[in-house]
Amino acid sequence: MKNIRRILIPGLILLVIAGYAVFHYISSRTRWNDSYVNGNTAGNLYNNGIFCERNGTVYFSNPNDSHYLYSMDPVSGETEKLCEDIASFINADDNYVYYVRNNVAKDFQFAFLHFNTNSLCRYDLKTGKVRILDSAPSIYASLIGNYIYYIHYDTETASTLYRIKLDGSECEQVDKNPYFTCSANGQYLYYNGIEKDHNIYQMDTATGTSQTICTGNFWMPSADNENIYFLDCEQNYSLVKLSRSQSEPVRIVSDRIESYNVYGNLIYFQKNNLDGDAALCCVQTDGSNYKVIREGNFTNINVTSQYVYFSEAGKEGSIYMTPTGGNGSVSLFNP
């Protein structure tokens, strides 16, 4: 009997150790995407990506809890804290939530290249663990397939376009210019020139090659399967649309646009005309049914299937909401 115990006990210990090792391997290994998944909409990412919807769940930066990363059922409004990281530029796929965290900021602000931002992170929806993918200051993160494209900062090269794999490997510079990474459609990334021109370009992330889509002085492209929307800087920053079958863009909104967000057949935008006419508005993608949602200066226009979220300029600590569709009252978002 003693001999049997001497054999069984070490054997059981080995089985437990082996089981733990297998569990640890399975739970810690990266789960890859099998297609060119895009992590958030262009409109949300241009507006600091503080909301992101995936598979019936909204991931957001909670203004009622230090802007920490939360999840929410968009129908019931039930919320859950995921981690105590101040989150922006939120992306999601079936397995992870990716975001830029800004934990060292004393006063939370969403601003371009705010270098209190300290890392690019990945939250595991299965284990709840957070992994730092790039510890350098990062901003404008955008998930495309199994890579995250983002603006990386270091003291030697300043701000440049980078990409990194979902497991933190292959961290590499894509371009010396800090191109906005917001507008992705499948494997393609759309951006405007910065250094030499303001043309609209399309980058094939599978090959790393780019081609010119439209020549001119343009800004903030947002592409879907049929059209590319962008601001025409020569025409008072008005909003224009370029169909895939057209060679010249068509004007949709003649107002001076500060920011915008295309969602389905609606466009939400902040107009700020030189005569002081400022308001959050919406319009159909063909330019019809123009509506004013609320007068004033607003920012961080994020859209989900249920609501449009936005903040008053200079008072980003509070977030307002109105039903998606342009019809309905405005109320304070109070998760």
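**Figure 1. Lysine 81 and its salt-bridge partners.** In this predicted model, lysine 81 is partly exposed, at 34% relative accessibility. Let's see what its side chain meets: lysine 81 forms a salt bridge with aspartate 65, and the closest N and O atoms are 3.0 Å apart. Lysine 81 belongs to strand β4, while aspartate 65 sits in the loop between β2 (57-62) and β3 (68-72), so the pair ties together parts that are 16 residues apart in sequence. Is aspartate 65 buried or exposed? At 18% relative accessibility, aspartate 65 counts as buried. The view also takes in a network of salt bridges that links Asp65, Lys81 and Glu84.

**Figure 2. A salt bridge between aspartate 94 and arginine 54.** Here is another pair to look for: the side chains of aspartate 94 and arginine 54 meet in a salt bridge, at 3.0 Å from N to O. This pair links distant parts of the chain, 40 residues apart, with aspartate 94 in the loop between β4 (79-92) and β5 (96-101) and arginine 54 in strand β1 (residues 51-54). Aspartate 94 is partly exposed, with a relative accessible area of 47%, and arginine 54 also counts as partly exposed, at 21%. Side chains of opposite charge can pair when their charged atoms come close.

**Figure 3. Glutamate 170 beside lysine 165.** In the salt bridge of glutamate 170 with lysine 165, the closest N and O atoms are 4.0 Å apart. Glutamate 170 is partly exposed, with a relative accessible area of 42%, whereas lysine 165 is buried, at 18%. How many salt bridges are there by this rule? The count comes to eight.

**Figure 4. Strand β9 and its two partners.** Follow strand β9 (residues 147-154) through this view: six of its eight residues are buried, so β9 is largely enclosed by the rest of the structure. Strands β8 and β9 run antiparallel and are joined by five bridges. Within this pairing, serine 138 stands opposite histidine 152 in β9. The two strands form a hairpin with two residues between them, and glycine 145 in the turn has a positive phi of about 65°. Which strand is joined to β9 by eight bridges? That strand is β10, which runs antiparallel to β9. Tyrosine 149 has arginine 163 in β10 as its bridge partner. Strands β9 and β10 form a hairpin too, with three residues between them.

**Figure 5. Isoleucine 148 in the largest nonpolar core.** The largest nonpolar core holds 36 residues, and those that touch the most other members are Leu120, Ile148, Leu239, Tyr260 and Ile267. Which strand gives the most to this core? Strand β8 (residues 138-144) does, with four residues. Now zoom in on isoleucine 148: leaving aside neighbours within four places in sequence, its contacts include Tyr98, Leu120, Leu133, Tyr162 and Ile164. In soluble globular proteins, nonpolar side chains tend to be buried together.

**Figure 6. An open sheet of four strands.** The strands of this sheet follow the order β20-β21-β22-β23, with antiparallel pairing. At the edges are β20 (257-263) and β23, each of which pairs on one side only. From one strand to the next, the twist averages 20°. Inside the sheet, β21 (residues 266-272) pairs with β22 over seven bridges, in the antiparallel sense.

Figure 7. Alanine 158 has a phi near 60°, a positive value in a residue other than glycine. Alanine 158 is found in strand β10 (residues 158-165) and is partly exposed, with a relative accessible area of 35%. For asparagine 289, phi is likewise near 60°. Asparagine 289 lies in the loop between β22 (278-284) and β23 (291-295), and at 43% relative accessibility counts as partly exposed.

**Figure 8. Stepping back to the chain.** Two helices and 27 strands make up the list of these elements in the chain. Of its 335 residues, 50% are buried. The chain exposes about 15800 Å², with carbon and sulfur atoms supplying 47% of this area.

Definitions and conventions: Residues are numbered from 1 along each chain as its sequence is written. This is a predicted model: local features need pLDDT of at least 70, side-chain atom pairs count only at pLDDT 80 or more; totals for chains, interfaces and linings use all residues. Side-chain values use heavy atoms; hydrogens and water are left out. A nonpolar core is a set of buried Ala, Val, Leu, Ile, Met, Phe, Trp, Tyr and Cys residues joined through side-chain atoms within 4.5 Å. Buried means under 20% relative accessible area, exposed over 50%, partly exposed in between (1.4 Å probe, protein chains only). Contact means heavy atoms within 4.5 Å. Two strands pair if DSSP finds at least two bridges between them. Axes are lines fitted to C-alpha atoms, for helices over the stretch in contact, and angles run from 0 to 180 degrees between N-to-C directions. Accessible areas come from the Shrake-Rupley method with a 1.4 Å probe; for residues, only the protein chains shown count as cover.
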